[in-house]
Amino acid sequence: MNQTTDAATTDESTAQDKRAVVLLSGGMDSATAAYEARARGYDICALHTSYGQRTETRELECARTLAETLEVDDFLRIETGHLAAIGGSSLTDDDLAVGDAEPDSDEIPNTYVPFRNANLLAMAVSYAEARDCGAVFIGAHSEDFAGYPDCRPAFFEAFEAVVDAGTKPGTDISIEAPFVEWSKTDIARRGLELEVPYEHTWSCYRDDEPACGTCDSCAFRLEAFRNNDARDPIAYAKRPSHAGPDGR
């Protein structure tokens with residue numbers, strides 16, 4: 001990362017290291033990343049982006065509630081239309097149907113929003129640089145990068161190099177993807193340890209209320225709770241048989 005050896009900047013750098021921007025979508029992964037950042041001693045500036053996704057109203061509601069619960073230093077919502085205008089994803093294009101989960105498929109699902117994380121991280125880094133934050137947290141994980149190319153570890157490493165090259169001298173902003181090698185089950189386990197209020201999170205790709213229970217995101221989420229012998233606290237239109245005999 002960009003470095004400075006000026007002793008006069010030591011106190012400023014120390015303060016910077018204690019602040020982080022967290023991309024807070026309102027989903028399970030971002031909520032856990034926010035609580036992880038707090039557990040690591042960071043004061044949080046939360047960034048929520050509404051880009052035309054189907055469930056943006058519910059996601060914003062959850063993100064605001066999480067921000068209040070976390071007592072963040074700042075909550076910034078950025079509303080953009082360019083990803084929806086570009087299209088190419090069932091999350092932003094009403095003419096494309098969100099399919100049911102296909103766990104054995106090797107195809108990139110149509111819920112992939114082309115190069116979304118680069119767009120979101122660019123906004124987060126701008127915010128972090130303006131607020132003198134030392135890190136940007138994102139909740140991407142291994143089951144994401146199996147289907148989404150902009151969730152791979154190599155992508156985050158490359159983006160951090162872009163941050164080094166594109167920020168002002170003396171800036172040191174790390175890209176933190178603490179769960180990038182983890183499964184959804186691992187994230188749920190960590191979140192339960194951190195007492196993340198998952199009742200205030202939303203993962204469904206299709207609906208604002210109740211969650212559909214059958215899209216990719218719902219399926220991974222329900223499986224993660226089942227694997228941790230816990231009940232997902234949000235409402236579902238359908239809890240598939242793989243969610244467990246007690247409807248978890």
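I started with a helix pair in this predicted model: α2 (residues 28–39) packs against α8 (residues 184–194) with the axes 10 Å apart and an angle of about 50 degrees.

Next, who touches whom. From α2 I noted Met28, Asp29, Thr32, Tyr35, Glu36 and Ala39. On the α8 side I have Lys184, Ile187, Ala188, Arg190, Gly191 and Leu194.

I found 5 strands in an open sheet, ordered β3-β2-β1-β4-β5, with parallel pairing. Which strands stand at the edges? My note says β3 (74–79) and β5 (174–176). Each has a single partner strand, so one side of each is left without a neighbour in the sheet. Going from one strand to the next, I get an average twist of 25 degrees.

I took a closer look at one strand pair. β1 (residues 19–23) and β2 (residues 43–50) run parallel and are joined by 5 bridges. In this pairing I jotted down arginine 19, which stands opposite aspartate 43 in β2.

Last entry: what packs on the sheet here? I looked at helix α3 (residues 56–70), which touches β2 and β3. The direction of α3 makes about 165 degrees with that of β3.

Notes. Residues numbered from 1 in each chain as written. Predicted model: local features only at pLDDT ≥ 70, side-chain atom pairs only at ≥ 80, totals over all residues. Heavy atoms only, no water. Axes fitted to C-alpha atoms, helices over the stretch in contact; angles between N-to-C directions. Helix = DSSP H or I, 4+ residues; strand = E, 2+ residues; numbered from the N terminus. Contact = heavy atoms within 4.5 Å. Pairing = 2+ DSSP bridges.
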